[in-house]
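Please read it with the structure open.

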There are 4 protein chains.
Amino acid sequence: MPLTDRDLSTILDDCAREARKEIGKGHVADYIPALARINPDQFGMAVCGVDGREWVVGDSDSSFSIQSISKVFTLALALQSPGASGVWDRVGREPSGNAFNSLVQLESEQGLPRNPFINAGAIVITDVITTHFVSPVLQILGLVRRYADCEDIYIDEEVARSEEESGHRNAAIAHLLKSQGNLVADVDDVLAAYYRQCSIAMTCRDVARAFLPLAAGGRHPLTGETLMPALRAKRINSLLLTCGLYDGVGNFAFRVGIPAKSGVGGGIAAVIPGHFAICVWSPELDELGNSLAGTRALEIFAQETNLSVF
Amino acid sequence: MPLTDRDLSTILDDCAREARKEIGKGHVADYIPALARINPDQFGMAVCGVDGREWVVGDSDSSFSIQSISKVFTLALALQSPGASGVWDRVGREPSGNAFNSLVQLESEQGLPRNPFINAGAIVITDVITTHFVSPVLQILGLVRRYADCEDIYIDEEVARSEEESGHRNAAIAHLLKSQGNLVADVDDVLAAYYRQCSIAMTCRDVARAFLPLAAGGRHPLTGETLMPALRAKRINSLLLTCGLYDGVGNFAFRVGIPAKSGVGGGIAAVIPGHFAICVWSPELDELGNSLAGTRALEIFAQETNLSVF
Amino acid sequence: MPLTDRDLSTILDDCAREARKEIGKGHVADYIPALARINPDQFGMAVCGVDGREWVVGDSDSSFSIQSISKVFTLALALQSPGASGVWDRVGREPSGNAFNSLVQLESEQGLPRNPFINAGAIVITDVITTHFVSPVLQILGLVRRYADCEDIYIDEEVARSEEESGHRNAAIAHLLKSQGNLVADVDDVLAAYYRQCSIAMTCRDVARAFLPLAAGGRHPLTGETLMPALRAKRINSLLLTCGLYDGVGNFAFRVGIPAKSGVGGGIAAVIPGHFAICVWSPELDELGNSLAGTRALEIFAQETNLSVF
Amino acid sequence: MPLTDRDLSTILDDCAREARKEIGKGHVADYIPALARINPDQFGMAVCGVDGREWVVGDSDSSFSIQSISKVFTLALALQSPGASGVWDRVGREPSGNAFNSLVQLESEQGLPRNPFINAGAIVITDVITTHFVSPVLQILGLVRRYADCEDIYIDEEVARSEEESGHRNAAIAHLLKSQGNLVADVDDVLAAYYRQCSIAMTCRDVARAFLPLAAGGRHPLTGETLMPALRAKRINSLLLTCGLYDGVGNFAFRVGIPAKSGVGGGIAAVIPGHFAICVWSPELDELGNSLAGTRALEIFAQETNLSVF
C-alpha cells in the first residue's frame with residue numbers, strides 16, 4: 001500500500017520532532033570560522049519522490065554548506081568526463097576504517113585512496129576534473145544546478161577562503177598524493193577547486209532534488225532528463241552505503257539502512273532506490289562528523305516508512 | 001513481472017557457465033591441510049525463494065566447509081542468547097579496512113573488534129555463547145540445523161582438528177582479547193568452540209535454506225517458524241553488506257550489490273531481502289579470501305534478475 | 001685522575017639522596033599480583049669496578065625480580081649456543097619506536113621482532129635456547145650464576161606462576177610468532193621458559209657483578225674467566241644503548257648516556273665500558289616502564305663521575 | 001699507546017680499499033635530478049683529531065651535497081637561539097622505528113616528531129630558526145662556516161631548486177605539522193629554508209672539521225673557540241647514536257659503534273668523543289638511505305683503531 005501525502009506529512013513531523021531532541025548533544029564543526037559561527041538550533045528536511053511529489057519540514061529552504069556531500073557530485077562528473085576510464089585505477093571502492101582526513105592509510109597503501117568519499121579520494125577525483133576541464137569549478141557547479149534543477153545554487157566564497165586558509169591537512173594530503181604520483185594537476189589548482197566545491201551552498205530541497213536521479217535509476221523525474229545510466233546510479237548508491245558516512249558507515253547501515261552521504265556542514269543526503277531522495281540538515285555533529293539530528297531523522301523515516309535497502 | 005521457474009533455471013545456467021570460466025585463476029585456501037586437498041574444479045549454486053521455490057545448478061549437493069559463513073549463525077545465536085544485551089558493547093559494527101585476521105586494529109582499538117565477521121569479532125561472539133551455554137557447539141549446530149531445516153548437518157572433526165593445530169594466529173587474537181579484558185571464558189574453550197563451528201559441513205542447498213529467514217523478515221518460509229524479529233534480520237543483512245566480505249565489501253557491493261558472507265572454504269551465502277537466499281560454492285579464492293567463481297556467479301545473478309539492494 | 005673509594009662513596013650517597021626524591025612520583029608494576037604487592041619505598045644501588053672494587057648504597061642486598069634484565073642473559077646464552085649463527089636472521093637490531101609488548105610491528109614486519117629486548121624478540125631468543133638445550137631454564141640460571149659469581153640466585157616460582165596466569169599478551173605474541181614461522185619449539189614450552197627467566201630474583205650487587213663482563217671486554221674481573229669475546233661485549237653494549245630501555249632509549253641516552261637494561265621489577269643494569277657495571281633498583285616506574293628513581297640515580301652518577309659513552 | 005700519524009695513514013688506506021669494494025652494490029639517491037646525475041665511483045674520507053692533526057684519503061676535497069647532515073647544524077643553531085628553551089617541547093628524542101620521511105608516526109603522535117633528525121623533526125627545528133632569525137639561511141650558513149673554519153662553504157642553488165620542485169612529501173609533512181599546531185612560520189618560508197640548508201655543499205675535510213667541536217667537548221681545536229657547552233656536545237652525540245642513521249641506527253651502532261649522521265648525498269659525519277671527528281663520502285646508498293661504502297669505511301676505522309663508544 002503506497003504512502004499517501006498525508007502519511008508522509010505525518011512521518012516528516014515525527015522525524016522533525018524526534019530529531020530536534022538531539023540538538024544540544026553534539027557540536028558544530030569548528031575547524032573553519034565560517035562554519036563555527038552557525039546557529040546550531042536549526043533542522044530542515046526535504047523528501048522528493050521518484051514520482052515527483054515533495055514534502056518538507058523545518059528549515060528546508062535555508063542554505064547550508066554542503067561540504068562533503070559535494071563529493072558525490074564530483075564523482076558523478078568525473079565518471080562522465082573524458083578521464084572516466086582511469087578513475088578506478090586511481091581510487092579504491094572500500095570503506096576506510098579510519099578518519100576521513102587520515103594520512104596513515106594513504107602512506108601504507110602507496111597513494112591509492114580507499115574510496116572517493118574520504119578527503120584523499122575526493123582530491124584525486126577533483127584532480128581528474130581539473131585535468132580534463134578548463135573550468136573545473138564551473139563544470140561542477142553546472143552539474144549540481146542541472147541535478148538540482150535550480151540555477152540559483154552558488155559557491156559561498158567566504159567559506160571557500162576560510163577552508164583554504166585553514167586547510168593544511170588537506171594540503172598535506174594533496175602534496176603526499178603528488179609525491180606518490182597520484183596527482184596530475186598542480187597541487188594548488190586542485191586544492192582551489194576542491195575547497196570551492198566543498199563550499200557550495202544549497203537548501204535541503206535543492207539537495208534532495210539533486211539526489212533524485214540516484215533514486216530513479218539515473219533519470220531525473222522533474223526534468224525527464226537521463227543523467228546517468230541506471231547501473232552507474234546503482235553503483236554510486238553502493239558506494240554511499242559502504243563509504244558515505246566516514247568511519248560510521250556500519251552503524252548507519254545498521255540503524256538506518258539507507259545509502260547516504262554526510263557533510264560537516266550538517267547535511268545528509270540519502271537515497272531509497274525506487275522511492276525517495278532525502279536531505280536532512282542540522283549543524284551539530286557526532287564525534288565522527290555526521291549530523292546527530294539528521295541521523296536520527298533518517299532513522300525515524302526508515303522505521304515509519306518501513307523502507308530500507310535491507 | 002515476477003521471475004518464472006524457467007527464467008531462474010536459465011539464469012542459473014548462465015551463472016554457472018560464466019562462473020566456471022574463473023576456475024583456474026585463483027587458489028584454494030592452503031593454510032590448513034584439510035582444505036588444501038580439495039578438488040578446485042567444483043562449482044555449485046542454490047537459490048531459495050521466500051515463496052518456497054528452489055533452483056540449483058552444479059555441485060549444489062556436495063558438502064563443503066562453511067568456515068566464516070558460520071559467523072552469521074553464531075551472531076544470530078548470540079543475539080538470542082542471555083548475553084544478547086552486551087553484544088554490541090563488546091563488538092563494533094564497522095567495516096575493518098584490514099585483513100580478516102589482523103591484530104593491528106585490535107591493539108590500537110583496545111580490544112574492541114570492529115565487527116562480528118572478522119576473526120577477532122567472531123571469537124568474542126563465540127565467547128558470549130561459550131559463557132552462556134553449557135554446550136556451545138551443540139547450540140550452534142542446533143541453530144544451523146533448524147535454520148537449514150535439515151538434521152544431517154555435521155561438524156567435520158578432521159577439519160576442526162586441522163584448524164586447531166594450525167590456528168596460531170587465532171590463538172594470538174584470543175590471547176590478546178583476553179589480555180584486553182574482552183574474553184570471559186577460558187581461551188582454549190573459546191578456541192575449541194570457534195574451530196568446531198568453522199568446520200561445519202553443509203551443501204549449497206543447506207546454506208541457502210539456512211539464510212532464508214534473513215530474506216524473509218525473520219520467518220522461515222519452509223517451516224513457518226519465526227526465527228528472529230524482522231528488524232534483527234534487516235540489521236544482520238546490513239552487517240553482511242558492510243562487513244561480510246573481509247576487505248572486499250566495497251567492491252562486492254559495487255559489482256554485486258547484495259548482502260553476503262563468504263568463507264575460505266569457497267562458499268558465499270547471499271540475501272536479496274524479500275526475494276531470495278542464495279549460496280554459491282567454488283573452492284578457489286581471490287587474494288582477499290572470497291570465492292572467485294562464487295563472486296562472478298552472484299554478479300551475473302544480480303545483473304540478470306536486475307535485483308540488488310541498490 | 002682516577003676516582004678514589006671516597007669519591008665513589010660520596011657519589012653513591014648523592015645518587016641515593018637525589019633518587020629517593022623521585023619515590024612517590026611513579027607507580028609500581030601492577031600487571032601481576034606478585035609484583036604489585038611490593039613496598040615502593042625502596043632504593044638500592046651497587047657499583048662494581050673492572051678493577052674488582054665495589055660500592056653499594058641502600059637496599060643493595062635485597063632481592064628483586066629482574067624481569068626484562070634477564071633478556072641480556074638469554075641473549076648472551078643464545079649467542080654462545082649451537083643456535084648462535086641463526087640469531088640475527090630471526091631478530092633485528094633496531095629500536096622499536098613502540099611499546100615493549102606491542103604486536104603491531106610484529107604483524108607489519110612479518111614476524112621479525114625489531115630487537116632481542118622487546119618481548120617478541122626475547123621470546124624468539126628463548127625459543128633458540130629452548131630448541132638447543134634440554135633444560136633451557138637451568139642453562140639460563142647457570143649462566144646467570146656464573147656471571148654473578150653467586151650460586152644462591154634462584155627463580156621466584158610464585159612470580160613465574162603469576163606471570164604465566166596473567167601473560168595473555170605474551171601468549172598472543174608467541175602464537176603470532178608461531179603462525180609467522182618464527183618459533184620452532186612448542187609455544188607453551190617457550191612461554192614456560194620465558195616466564196621463569198623473567199622471574200629470577202637477584203640483588204643489586206648480584207646484577208652489577210653479572211654485568212661486569214660487559215664492562216670489562218668479556219672477561220670477568222672477579223673470576224678471571226673469559227665469558228665472551230671482547231667484540232661481543234661491545235655489541236651487546238650497543239644493543240643496550242639503542243634498545244635497552246623500551247621506548248625511552250633516546251631520552252635515557254640524552255640524559256644519562258650509558259648503555260643499560262631496565263626491567264619492570266624496578267631494576268636497571270648499566271655498563272660504562274672500561275670502568276663500571278652498575279645496578280640500581282627502586283620499584284616505582286615511569287609511564288614507559290623504567291624505574292624513576294633508578295634513572296635519576298644513574299643520571300647523577302654519570303654527571304658526578306663525568307663518565308658516559310659520549 | 002696513542003695512534004701515530006703513520007698508523008692513521010695505514011688505517012685510512014685500509015678503510016678506502018675495503019670501502020671501495022662496496023661501490024656498485026648500492027644506488028645513488030634518485031629522487032632529485034641534481035643528485036641522480038652524480039658519478040657513483042667516488043670515495044673520500046677525512047679524519048680530524050681533537051689535537052688538530054688531520055688525515056685524508058681519496059676524494060676528500062670534492063664538494064658534495066650534505067643533505068641531512070645539515071640537520072645537526074640546524075639543531076646546534078636552534079639550541080643556541082632565542083627559541084632554545086622550547087625545542088624539546090616540540091620535538092622528541094627517540095628513534096623513530098620508521099622511514100625518515102614517514103607521515104604515519106606524525107599523525108598517530110599528534111604532530112610531535114620523534115626526533116630532530118627525521119624530516120618532520122628537522123622541519124620543526126627549521127621553523128624555530130625561521131621564527132627567531134631574520135635571515136635563517138644566512139644564520140645556518142654562518143654557523144656551518146664557523147664550525148668548519150672555512151668561509152668558502154656555499155649553498156648549491158641548483159640542488160635547492162631541485163629539492164623544492166620535487167619536495168611534495170616534505171611539503172606534506174610541513175602542512176600536516178601546521179595543521180597540528182607545531183609550525184609557527186609560514187609553510188613556504190620554512191620549506192624554502194629547509195631545502196636550502198639541505199643543499200649546502202661541503203668537502204669531507206670541511207664536514208670533519210665542522211664536527212670537531214662535538215668530539216672535543218664543545219671547543220673547536222682549530223680556532224680555540226668554545227662553540228657549545230660540553231654537556232650539549234655530549235647530548236648531541238647521544239642523539240646521533242640513537243637517531244642519526246634513519247631506521248638503521250641499531251645496526252650501525254652494532255657494527256660501527258660511533259655516533260654519526262648520514263645524508264642521502266652519500267656523506268656520513270661521525271664523532272669519537274675525545275678522539276676524532278670523521279667524514280666519509282661515497283654516493284651509493286643502501287636501502288635505508290645510508291652510504292654503503294661510507295658505512296664500511298667507518299666499520300674498518302672502528303675495528304682498526306679499536307675505538308668505539310662501547
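Two residues are in contact if their C-beta atoms, placed from the backbone, lie within 7 Å. By that rule, 12 residues of chain B and 12 residues of chain C make up the contact between these chains. The model is predicted.

**Chain B with chain C**
- Helix 5 (104-108) and helix 9 (168-179) of chain B are the elements that give two or more residues to the side of chain B that touches chain C.
- Helix 9 of chain B has the largest share of that side, with eight residues.
- By residue type, the side of chain B that touches chain C holds five nonpolar, four polar and three charged residues.

**Chain A with chain B**
- Here the contact takes 28 residues from chain A and 28 residues from chain B.
- On the side of chain A that touches chain B, helix 12 (230-243) and helix 13 (249-255) of chain A supply at least two residues each.
- Helix 12 of chain A gives the most to this side: eight residues.
- The side of chain A that touches chain B divides into 11 nonpolar, 11 polar and six charged residues.

**Pairs without contact**
- Chain A and chain C are not joined by any contact, and their closest C-alpha atoms lie 10 Å apart.
- Chain B and chain D do not touch either; their nearest C-alpha atoms are 10 Å apart.

**Helix packing inside chain B**
- Two packed helices are described by the angle between their axes and the distance between the axes.
- For helix 3 (residues 70-79) and helix 6 (residues 119-132) of chain B, the axes come within 9 Å and cross at roughly 40°.
- Helix 3 and helix 6 of chain B are therefore oblique to each other.
- The crossing of helix 3 and helix 6 of chain B is left-handed.
- Helix 3 of chain B brings B:Lys71, B:Thr74, B:Leu75, B:Leu77 and B:Ala78 to the contact.
- Helix 6 of chain B brings B:Ala122, B:Ile125, B:Thr126, B:Val128 and B:Ile129.
- The residues of this contact between helix 3 and helix 6 of chain B divide into seven nonpolar, two polar and one charged.

How values were computed. Residues are numbered from 1 along each chain as its sequence is written. Chains are lettered from A and ligands numbered from 1 in the order in which they are written. This is a predicted model: local features need pLDDT of at least 70, side-chain atom pairs count only at pLDDT 80 or more; totals for chains, interfaces and linings use all residues. Helices (H or I, at least four residues) and strands (E, at least two) are DSSP runs, numbered from the N terminus. Ala, Val, Leu, Ile, Met, Phe, Trp, Tyr, Cys and Pro count as nonpolar, Asp, Glu, Lys and Arg as charged, and the others, Gly among them, as polar. Axes are lines fitted to C-alpha atoms, for helices over the stretch in contact, and angles run from 0 to 180 degrees between N-to-C directions. Angles under 35 degrees count as roughly parallel, over 145 as roughly antiparallel, 65 to 115 as roughly perpendicular and the rest as oblique. A crossing is left-handed if the near helix is turned anticlockwise from the far one by less than a right angle, and right-handed if clockwise.
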